[in-house]
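Please look through the structure below with the strands, the aromatic rings and the charged side chains in mind. The paragraphs after it take these topics in turn.

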Amino acid sequence: PQDTSNIIQALYNTGFFSDVSLSQQGTTLVIHVVERSSIANIEVKGNSAITRDQINSVFKELGLVRGQVFDQAVLEEVTKSLETAYYRQGFYNARITTEVTPATRHRVNVAIHISEGRIALVEKIHILGNQDFSERTLLKQLPLTGPKWNTFYTRSNHYSKEALDKALESLTNFYFDHGYLRFHINSANAVLNPDRKSVDVVVHVTEGGQYRLQGINFSGNLILPREQLEGLPAVQALKTGEIFSRSKTIEAIKAIAYALGDKGYAFADVNLIPEINDTHKTVVVNFHVNPGSQVYVHQIHFIGNTKTEDRVLRSAMRQSEGSLASTSAIDESKRQLNLLGYFKSIQETTTPVPDSQNQVDLNYKVVEQPSAQASLGVGYGTTGIALNAGVNEPNFLGTGKAVGINFMQTPYSRSYSFNYNNPYYTPEGVQRGFSLFNTRTTPGDVNLAPYSFTSYGGNVTFTIPFSEKDDYQIGLGLQRTELSPDSAPSAQIQQFVTIE
């Protein structure tokens with residue numbers, strides 16, 4: 001008998017049973033159990049602020065999954081987690097109810113009904129502890145606001161934990177950019193008003209003193225000459241004696257890393273080590289440089305270009321395979337891909353080459369978008385109806401070549417045109433294009449002039465690049481125009497034809 005409680009507890013701990021009891025029949029111990037039902041289906045209704053994927057992640061983390069044994073305690077924990085998630089989003093009136101109904105084969109269906117209610121609005125924001133800046137000045141720095149005339153559109157007064165965190169980050173950045181290196185947020189709380197529809201935000205801060213920049217130092221393995229680093233515009237923006245600015249300092253770090261990346265040090269690490277003098281309220285900025293190893297680009301891969309040929313994308317590359325990775329060349333390559341106009345988005349990543357310490361693959365994941373343009377227009381004027389139509393494809397069959405056909409007709413004219421351009425005519429980037437046109441104009445049809453003429457011809461152009469941003473164009477064109485007087489031409493037209 002003394003083992004009874006241990007047996008029952010061990011079976012309960014498996015989580016498979018909702019009831020366990022023991023009995024004795026002669027010398028036989030009989031264990032009576034009632035199995036828990038398994039979950040047949042989970043249904044969620046009423047959610048919009050929190051997506052179903054986010055809710056499913058909560059289910060998975062807590063163990064409320066189809067096929068698992070149903071546990072009422074787990075369902076209650078899921079309910080509390082969802083309520084907490086809604087409260088973080090500012091939905092303090094959110095209500096969550098659950099319903100468990102029997103299903104076949106000893107299973108249950110779980111239904112979760114969510115009534116989100118309205119998001120809580122910020123009624124007031126108070127900042128306490130500030131001395132050097134007025135509350136009004138500080139409130140202007142925050143993306144989170146109280147009620148304003150335009151908040152129905154901007155929703156800047158919609159409270160959530162994320163919105164408050166962003167506001168605190170903006171406040172911190174403001175102080176750090178004005179030299180307050182010892183600035184600290186002591187507390188930030190949202191106090192729910194009795195109506196549960198609005199909150200008051202109260203932030204306590206300690207400003208600390210304002211610090212000025214005393215000097216700039218470089219340490220570590222600089223790679224580049226100190227004079228070159230000091231000459232970077234972002235570094236020159238840090239002037240001795242001025243108020244310290246964290247954002248300017250971060251820009252200087254980026255500029256140093258970018259300059260090293262241009263020399264192949266793609267993973268250079270630049271750390272800021274400030275030397276703060278609290279007595280004199282000054283700071284010396286020390287940039288510690290750890291360049292790492294030079295990195296070479298092993299291969300360039302393109303992903304997602306189902307229509308556009310690889311060679312079109314490779315022609316836009318300014319970073320070449322087998323050469324040192326260059327930050328500016330990689331950035332320019334992405335810019336050139338964007339200039340093609342064929343892609344909705346371009347994502348560039350680098351991946352280390354296995355079994356190599358100084359090689360990476362450069363990957364461009366693109367999302368193509370329709371590049372062809374079709375136009376159709378109808379107009380009406382004093383002479384009648386005018387029509388125009390055209391089809392222009394700058395990426396014909398994915399080759400990167402541009403082809404266009406256009407047509408226009410009015411009561412007294414009709415014109416056709418065809419144009420073609422090959423931007424890859426030579427490996428050096430010379431483009432060749434040509435166009436053909438034919439125009440027939442009969443102004444006599446609408447009593448505008450006693451003549452008609454036909455013009456047709458074509459031209460060939462070559463575009464020769466000078467640099468990434470400059471090129472010049474040369475071309476040759478031929479055009480023939482035939483003038484035909486009507487039955488009763490004017491003297492001026494008759495004279496012109498006679499002279500010809």
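What follows covers strand pairing, a surface patch, ring pairs and salt bridges.

This is a predicted model, in which local features need pLDDT of at least 70 and side-chain atom pairs count only at pLDDT 80 or more, while totals for chains, interfaces and linings use all residues. Residues are numbered from 1 along each chain as its sequence is written, and side-chain values use heavy atoms, with hydrogens and water left out.

Helices (H or I, at least four residues) and strands (E, at least two) are DSSP runs numbered from the N terminus, and two strands pair if DSSP finds at least two bridges between them. Strands of a sheet pair through backbone hydrogen bonds, either parallel or antiparallel.

Seven bridges pair S17 with strand S16 (residues 384-393) in the antiparallel sense. S17 also runs antiparallel to strand S18 (residues 413-422), with nine bridges between them, and a hairpin of two residues connects S17 to S18. Glycine 404 in S17 stands opposite asparagine 392, and glycine 404 also stands opposite asparagine 419 in S18.

Val378, Tyr380, Ile385 and Leu387 make a nonpolar surface patch of about 480 Å². Such patches consist of residues with over 30% relative accessible area and no salt bridge, where like charges are joined within 9 Å and nonpolar side chains (Val, Leu, Ile, Met, Phe, Trp, Tyr) within 5 Å. Accessible areas come from the Shrake-Rupley method with a 1.4 Å probe, and for residues only the protein chains shown count as cover. Strand S15 (373-381) and S16 are the elements that give two or more residues to the patch. Valine 378 lies in S15 and counts as exposed because its relative accessibility is 66%; the classes are buried under 20%, exposed over 50%, and partly exposed in between (1.4 Å probe, protein chains only).

A separate region to inspect is an open sheet of three strands in the order S12-S14-S13, with mixed pairing. Strand S12 (296-303) and strand S13 (343-352) are its edge strands, each pairing on one side only. S12 runs parallel to strand S14 (residues 359-368) over six bridges, and histidine 301 has asparagine 363 in S14 as its bridge partner.

Turning to the rings, the structure holds 19 aromatic pairs. Rings of Phe, Tyr and Trp (its six-membered ring) pair if their centres lie within 6.5 Å, and planes under 30 degrees apart count as stacked, over 60 as edge-to-face and the rest as tilted. Tyrosine 175 and tyrosine 180 form an edge-to-face pair, at 5.3 Å centre to centre and 90° between the planes, and both residues are buried.

Which residue forms a salt bridge with glutamate 393? The partner is lysine 307, with the closest N and O atoms 3.2 Å apart. This pair links distant parts of the chain, 86 residues apart: glutamate 393 is in strand S16, and lysine 307 is in the loop between S12 and helix H10 (310-315). Glutamate 393 is buried because its relative accessible area is 13%, whereas lysine 307 is partly exposed at 38%.

Notes: A salt bridge is a side-chain nitrogen of Lys or Arg within 4 Å of a carboxyl oxygen of Asp or Glu.
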